[in-house]
Amino acid sequence: MKKLFTSLLVLSFVLACKNNTEKKDDVIKAPAATEIQNTDNTNSSSDIVEESNENGREQKFNIEDIPVSEADLGEFPFFSFPEGLTALNKPIQRKFDRLYFPIDGIMTPIEGKVWKTNVTDDDNSGDEWSLPYFIKSYEEVIKEVGGVKIFDGEITYEEYEKYHDNAEYLGEDGSIGYMGQKIKVYVIRQADGGDVYIQFTGDSAGGGLNILQKEPFKQTITILKSDKILKDLENTGKAILYINFDLDKSTLQAKGKDAVAEIAKALEDNESMNVAIHGYTDNSGNDAHNQQLSEARALTVLNALTGLGIDPSRLSSKGFGAQNPITENTTEEGRAKNRRVELIKL
């Protein structure tokens, strides 16, 4: 009996080794830069599949590992609707905004030119909505121009809870990033750095499509000179300034110091004028944080002015957080205008 048990054990070991060898031979070797989950369990040269490296760590998405597309994409947003499909409402297009993409399963903010919409069937086509048609249409054309799939799955409850308060766009037409949505993300790498990120999702009723071309924010607000600041204060009792601080801090950047210097010149030209310095933020983050940040920034301006020789008795400072926005907070341009300092003549 002992010999029979030993023989069976050896036979089981041999069969197990054979099965492992066959499975190993069936594995498709992905490129060294690969990372992604693929819910349909198929891989192609345009899909990145998550693997472990020699140290057992998962390899992460790196744009440098994506081949540069040589296709001429044409004009933004680059892709038409598939035949028989159309936008549910007018697509939202902004020359600069921020969208979140599930990269490595983490909702990652990317900034640039944005186009997004909800997609439905065209009433004039006579065909009903088809999710496979919608998905396949975009996947094939994106791959044809060198797009690579970098995510295919759902975001977790924990990830949604962590990021969604900062995603101001959620709720608009075409918004993607809700828990439970099955999201596919592709990237088309461009030689000039204007990489194109595309994400789409859908169900039995319709789909959503986001297209973002990455590009840096271009500041369009100029620093007011001292004569304009003084004129505004004398004529209207208020001057609105955009002073550059470090991100989410009250530390003045170089251009911020230049703006404060212009305020000091204006106050030197009218030594009888006293002003209140009011700080404002956009609506990103929670109210308590915004209030604290606005107070700290207003106080920084006051201290910088006294450092330039302005009598502190002529100055006061106060923060108002995200209160009293002068424009909507739905775009980065709008949020930039709401992040301001106001001088109020006393």
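**Exercise 1. Find the partner of glutamate 172 and say what parts of the chain the pair links.**

Step 1. Start at the side chain: glutamate 172 forms a salt bridge with arginine 94, and the closest N and O atoms are 2.7 Å apart. (A salt bridge here is a side-chain nitrogen of Lys or Arg within 4 Å of a carboxyl oxygen of Asp or Glu.) Keep in mind that this is a predicted model, where local features need pLDDT of at least 70, side-chain atom pairs count only at pLDDT 80 or more, and totals for chains, interfaces and linings use all residues. Residues are numbered from 1 along each chain as its sequence is written, and side-chain values use heavy atoms, with hydrogens and water left out.

Step 2. Glutamate 172 sits in the loop between helix 3 (157-163) and strand 5 (183-188), while arginine 94 is in strand 2, so the pair links distant parts of the chain, 78 residues apart. (Helices, H or I with at least four residues, and strands, E with at least two, are DSSP runs numbered from the N terminus.)

Step 3. Check accessibility. Glutamate 172 is partly exposed because its relative accessibility is 22%, whereas arginine 94, at 13%, is buried. (Buried means under 20% relative accessible area, exposed over 50%, and partly exposed in between, with a 1.4 Å probe and protein chains only.)

Step 4. Zoom out. A network of salt bridges links Arg94, Asp97, Lys116, Glu168, Glu172 and Arg335. The whole structure has 19 salt bridges.

**Exercise 2. Work out which side chains lysine 149 contacts, and whether lysine 149 is buried or exposed.**

Step 1. Look in strand 4 (residues 148-153), where lysine 149 is found. Its 1% relative accessibility is why lysine 149 counts as buried.

Step 2. List the polar contacts. The lysine 149 side chain reaches the side chain of aspartate 152 at 3.1 Å and that of glutamate 139 at 3.4 Å. (A polar contact is a pair of N or O atoms within 3.5 Å; within protein, one must be able to donate a hydrogen and the other to accept it, and residues adjacent in sequence count only if both atoms are side-chain atoms.)

Step 3. Glutamate 139 and lysine 149 also meet in a salt bridge, 3.4 Å from N to O. Glutamate 139 belongs to helix 2 (residues 131-144) and lysine 149 to strand 4, so the pair ties together parts 10 residues apart in sequence. Both residues are buried.

**Exercise 3. Trace how strand 3 pairs with strands 1, 2 and 7.**

Step 1. Strand 3 (residues 106-121) pairs antiparallel with strand 1 (residues 85-87) over 3 bridges; leucine 85 stands opposite aspartate 121. (Two strands pair if DSSP finds at least two bridges between them.)

Step 2. With strand 2 (residues 92-103), strand 3 pairs antiparallel over 10 bridges, and glutamine 93 has tryptophan 115 as its bridge partner. The two strands form a hairpin with 2 residues between them, and aspartate 104 in the turn has a positive phi of about 55°.

Step 3. Strand 7 (residues 207-214) joins strand 3 over 8 bridges, again antiparallel. Here asparagine 118 is partnered by glycine 208.
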